[in-house]
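Open the model in your viewer and keep the selection panel at hand. This tour goes from one selection to the next and says what is there.

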Amino acid sequence: MVNKVILVGNLGQDPEVRRLENGVAVARLSIATTERYKDRNGMAQSRTEWHSVVVWRQLAEVAEKYLRKGKQIYIEGKLTHRKWQDKDGNNRYTTEVVADNFQMLGKRDDIMGGVSAPAFPGAAAKPATPATTTPTAPAATPTTPQPDAVEDDLPF
């Protein structure tokens, strides 16, 4: 069985972060995804869906520190359904995504003002310094074919 959700959208508001009695952070995000298409008459149409996302522990702390309304985000998680009672005792149902991972999208400076993003779920974001950045592979340089190399000599 697979329960996996992937969303790419924009934050509708700043994350709502609270801490439980044991100090665990939980953040609620509101994500808008927009589908664009052409109708039968060829007119451009769009439909926006709003998604409730919950982020726990260190990811919630990263969300609190770096996510802001309007920023584009990639989220991976699982779909969950909860039943709860409102203040009048009525049963309510909520569908939400519990995020396992998220990635801030856009230009690095637009995302966090020059601070490097966490590389994996639960990672704490740190200022970009030579000690915390990973080296990148050198750019590939085009190679020129050798005159004695013949395509038929390839093993596949």
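Start with Arg47. At 45% relative accessibility, Arg47 counts as partly exposed (between the cut-offs of under 20% relative accessible area for buried and over 50% for exposed, with a 1.4 Å probe and protein chains only). Glu35 and Arg47 form a salt bridge, with the closest N and O atoms 2.8 Å apart (a side-chain nitrogen of Lys or Arg within 4 Å of a carboxyl oxygen of Asp or Glu). Glu35 lies in strand E3 and Arg47 in strand E4, so the pair ties together parts 12 residues apart in sequence. Helices (H or I, at least four residues) and strands (E, at least two) are DSSP runs, numbered from the N terminus. Glu35 is partly exposed, with a relative accessible area of 40%.

Keep Arg47 and select Glu49. Their side chains meet in a salt bridge of 3.9 Å, N to O. Glu49 is partly exposed, at a relative accessible area of 40%. Then pick Arg28, Arg82 and Glu96: salt bridges that share partners join them into one network.

A note on what you are looking at. This is a predicted model, with residues numbered from 1 along each chain as its sequence is written. Local features need pLDDT of at least 70, side-chain atom pairs count only at pLDDT 80 or more, totals for chains, interfaces and linings use all residues, and side-chain values use heavy atoms, with hydrogens and water left out.

Colour by pLDDT (the predictor's confidence in each residue, from 0 to 100). The mean for the protein chain is 78, and 69% of its residues reach 70 or more. Over residues 113-150 the pLDDT is below 50; beyond near neighbours in sequence, this stretch has 36 contacts in the model (heavy atoms within 4.5 Å).

Back to the salt bridges: the count comes to 7. Select Glu76 and Lys4. Their salt bridge has its closest N and O atoms 3.3 Å apart. Glu76 lies in strand E5 and Lys4 in the segment before E1, so the pair ties together parts 72 residues apart in sequence. Lys4 counts as exposed, at 52% relative accessibility.

Next, go inside. Which residues touch the most other members of the largest nonpolar core? Select Leu29, Val53, Val55, Leu67, Ile75 and Phe102, out of 21 residues in that core. A nonpolar core is a set of buried Ala, Val, Leu, Ile, Met, Phe, Trp, Tyr and Cys residues joined through side-chain atoms within 4.5 Å. E1 (5-11), E3 (25-38), E4 (44-56), H1, E5 (72-85) and E6 (91-104) each supply at least two residues of this core. The largest share, 5 residues, comes from H1.

Centre on Val53. Leaving aside neighbours within four places in sequence, Val53 is in contact with residues including Leu7, Leu29, Ile31, Ile75 and Val97.

Now show H1. Leu59, Ala60, Val62, Ala63 and Tyr66 are buried there. They cover an arc of only 160° around the axis, which puts them on the same side of H1 (the arc is that of the directions from the helix axis to the C-beta atoms). The face turned away carries the exposed residues Arg57 and Lys65. Lys65 has 55% relative accessibility. Its C-alpha atom is 9.2 Å from that of Pro15, 50 residues apart along the chain.

Last stop: Thr94, in strand E6. Buried or exposed? Thr94 is buried, at 18% relative accessible area. Not counting residues up to four places away in sequence, Thr94 touches Thr80, His81, Arg82 and Trp84.
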